[in-house]
Amino acid sequence: MYPHIRNRRLRHSEAIRNLVRETHISPNDFLVPLFVVEGKGVKEEIASMPNYYRFSLDLLKDEVNQLWSLGLKGVLLFVKVPDNLKDNKGTEALNAEGLMQRAIKTVKDTCPEMLVMTDVAMDPYSSYGHDGIVANGMIVNDETNTVLAEMALSHAKAGADFVAPSDMMDGRIRAIREVLEQEGFHHTGIMSYSAKYASAFYGPFRDALDSAPVDLQDIPKDKQSYQMDPANRDEAIKETLMDIEEGADIVMVKPGLCYLDIVRDIRNAVDVPVAVYQVSGEYAMLKAAAEKGWLDHDAVMLEQVTAIKRAGAHMIASYFAKDVVKLIS
Ligand code: PBG
């Protein structure tokens, strides 16, 4: 006789499937990346990210209100910096009246309860498109940390709840934490991009911010000397544990789908919340396939975010956040 256990009993109806489901998706799972530009009345679609936009501050307000009404309560801010304000040291990043600082205030004025996280990185401000100061054909680590710490402080002063360093310099979490503590920002959190890979999936994001590394002699053309090698797994745990020791409140794995083994490793190894960044290339890939009619957009999208959460993510930074929440509500 066939064994008494038949697994299909637990799949027989929608009702029983809903009861035994291990992973649930809700608006509380998401951080929404937002791209901000100078100007008025600007809502421009990013070519390689269909239905995703850069907003000027006036229209950012409407977007933030819409997110809040959908139950999306956390944003991750990125700014597109005009070329004439870029230099090797990211000077503009420290401008108290800079676009990021005004964006933070705009979101907080519009929706005081919205959790505001900010990208702390030099690349949008760098004339070379790097996440650090360039000297002698290299990205200088410790001098960059000084800039990153000041940038984080400037975001905290403008009202950021969390700063999110995305650069992968060594020791930057400690440098940022020390400055925040010294200046009395005890409540400002740090979400560290702790296992961030040198991925080819960031292309559309670099289009969105016009932040790709420049193609100049003696300037590194990629970020492999600071972002992690996609071939490495054990190293991700080392990176992440170090960031926690230095003071990270939340750690991150980035990108998402190709790195779910890393997500589970980290989730098992640490006792702080784990974020996953489902990056621009992952978004673009699905949008393109759906446009061609080759994939069912909504079903694949939901499967992907569910897989990321199942792998161990406590939260997902995703360009799909609005689409997902509209779909499941
Ligand atoms: C750079 C940064 C990148 C992303 C977030 N912060 C790109 C890079 O490292 O070159 C990528 C996000 C995405 O692709 O969606 N500090």
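Start with the lining of the second largest pocket: β1 (30-36), β3 (49-55), α2 (57-69) and α11 (321-328) each supply at least two residues. Helices here are DSSP runs of H or I with at least four residues, strands are E runs of at least two, and both are numbered from the N terminus. This is a predicted model, where local features need pLDDT of at least 70, side-chain atom pairs count only at pLDDT 80 or more, and totals for chains, interfaces and linings use all residues. Residues are numbered from 1 along each chain as its sequence is written, and side-chain values use heavy atoms, with hydrogens and water left out.

The volume of this second pocket is about 230 Å³. It has 17 lining residues, and Asn 51, Tyr 52, Tyr 53, Glu 63 and Lys 322 are the closest to its centre. By class, that lining has nine nonpolar, three polar and five charged residues. On classes: Ala, Val, Leu, Ile, Met, Phe, Trp, Tyr, Cys and Pro count as nonpolar, Asp, Glu, Lys and Arg as charged, and the others, Gly among them, as polar.

How do we define the spaces? We use a 1 Å grid over the protein atoms alone. A cavity is a set of points where a 1.4 Å probe fits but cannot get out. A pocket is an open set with protein on both sides within 12 Å along at least five of seven lines. Lining residues have an atom within 4 Å of a point. Points are joined across faces, edges and corners, and a volume is the space filled by probe spheres set on them.

Now the largest pocket. About 540 Å³ of space lies there. Its lining has 15 residues, with Arg 21, Glu 22, Thr 23, His 24 and Thr 306 nearest the centre. The largest share, five residues, comes from α10. By class, we have six nonpolar, three polar and six charged.

And where is the ligand? The space it takes is the largest cavity. Around the ligand are 17 residues, and Arg 206, Lys 223, Lys 254, Ser 280 and Tyr 319 come nearest; near means a heavy atom within 4 Å. That shell has eight nonpolar, three polar and six charged residues.

The Asp 123 side chain has an N or O atom 3.0 Å from one. For a polar side-chain atom of Asp 131, the distance is 2.9 Å. For Ser 166, again from a polar side-chain atom, 2.8 Å. Taken alone, the ligand exposes 400 Å², and the protein buries 100% of that, by the Shrake-Rupley method with a 1.4 Å probe.

Notes:
A polar contact is a pair of N or O atoms within 3.5 Å; within protein, one must be able to donate a hydrogen and the other to accept it, and residues adjacent in sequence count only if both atoms are side-chain atoms. A molecule sits in a cavity or pocket if more than half of its atoms lie within 2 Å of its grid points.
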